[in-house]
Amino acid sequence: MPHRPIAFVASHAPSAQEALSSLAKRYTNVPLDRAEVIVALGGDGFMLQTLHETQNFGVPVYGMNRGTVGFLMNEFTQDDLPARLDNAEEEVINPLVMNALAADGSMHEALAINEVSLLRAGAQAAKLRITVDGKVRMSELVCDGALVSTPAGSTAYNYSAHGPILPIGSGVLALTAMAAFRPRRWRGALLPQKAVVRFDVLNAAKRPVMADADGKSVRNVVSVEIRSEPDIRHRILFDPGHGLEERLLREQFV
């Protein structure tokens, strides 16, 4: 029985390129605009890149781990791939939109599936003012940085910064501080997914800050606004019993 048309994409890692060559011969590799499913070969970083680059195609992405980190990936095997794709469970996640205003007056927009982070870019700690839905919630946070994370990204940078793991479908975002100096040991807050978060950089010339959305960086920012984008839907496929919800739950008991 013919299987759904598959487009294979791979990172530059030798193991990913070898897998690409083998799988393309075995199952046929179609162009992205003809595919009904995309198979990404690499690690989590490549999976994020693939989701960003293929979001306009509207087809699900199934990752197989050929990298060093594979939280968003399935186990690699070449056997029975069409059946695995047919039986896979689909998770839908919405990215964050970052609008960052730089000191030179330029505005930069980027999407983030995992998180948007602000990081000090000089020797001194950053000073940030936090506004949520137009109301100032913290007039001054002195820290190494802060981030807003989606549930899908809550086990990444957010978790390393001691932020909470968020269940898929929880309808919340995590706002997490990194090395907060004042208020002392402030770890952050849980916000509704529809919240609009704004960071204003205080004394930006003396205490420069950079903003980053899934690896897309803007230096010398003076303000950053972050919100969820419900109109963009990333479809990710997982093997049965190994979906994102199960992985997020399991991670909390490691």
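Predicted model: local features only at pLDDT ≥ 70, side-chain atom pairs only at ≥ 80, totals over all residues.
Q: Why is Ser154 called buried?
A: The relative accessibility of Ser154 is 0%, and buried means under 20%, so Ser154 counts as buried. Ser154 lies in the loop between β10 (145–149) and α4 (157–160), and, neighbours within four places in sequence left aside, it is in contact with Ser149, Tyr159, Pro164, Ile165, Leu166 and Leu248.

Q: What makes the radius of gyration of the protein agree with that of a compact globule?
A: For 254 residues a compact globule would have a radius of gyration near 18 Å, and the protein has 20 Å, which agrees. Along its principal axes, the C-alpha trace spans about 65 × 40 × 30 Å.

Q: Which residues of α1 are buried, and what puts them on the same side of the helix?
A: The buried residues of α1 are Ala16, Ala19, Leu20, Leu23 and Tyr27. They cover an arc of only 105° around the axis, and therefore they lie on the same side of α1. The face turned away from this buried side carries Pro14, Glu18 and Lys25, which are exposed.

Q: What covers the buried residues of α1?
A: The cover includes the strands β1 (6–10), β2 (37–42) and β3 (61–65), together with the helix α3 (81–87).

Q: What makes a set of residues a nonpolar core, and which members of the largest one touch the most others?
A: The members must be buried residues of the nonpolar kinds, joined through side-chain atoms within 4.5 Å. The largest such core has 33 residues, of which Met98, Leu128, Phe199 and Val224 touch the most other members. A second, separate core of 23 residues includes Ala40, Val61, Ile165 and Phe238. In soluble globular proteins, nonpolar side chains tend to be buried together.

Q: With which residues is Leu128 in contact, leaving aside its neighbours within four places in sequence?
A: Among them are Leu118, Met138, Leu141, Cys143, Phe199, Val201 and Val209, and also Ser139, Glu140 and Asp200.

Notes
Residues numbered from 1 in each chain as written. Heavy atoms only, no water. Buried < 20%, exposed > 50% of the residue type's maximum accessible area, 1.4 Å probe, protein only. Contact = heavy atoms within 4.5 Å. Helix = DSSP H or I, 4+ residues; strand = E, 2+ residues; numbered from the N terminus. Arc of directions from axis to C-beta. Rg over C-alpha atoms; globule rule 2.2 N^0.38 Å.
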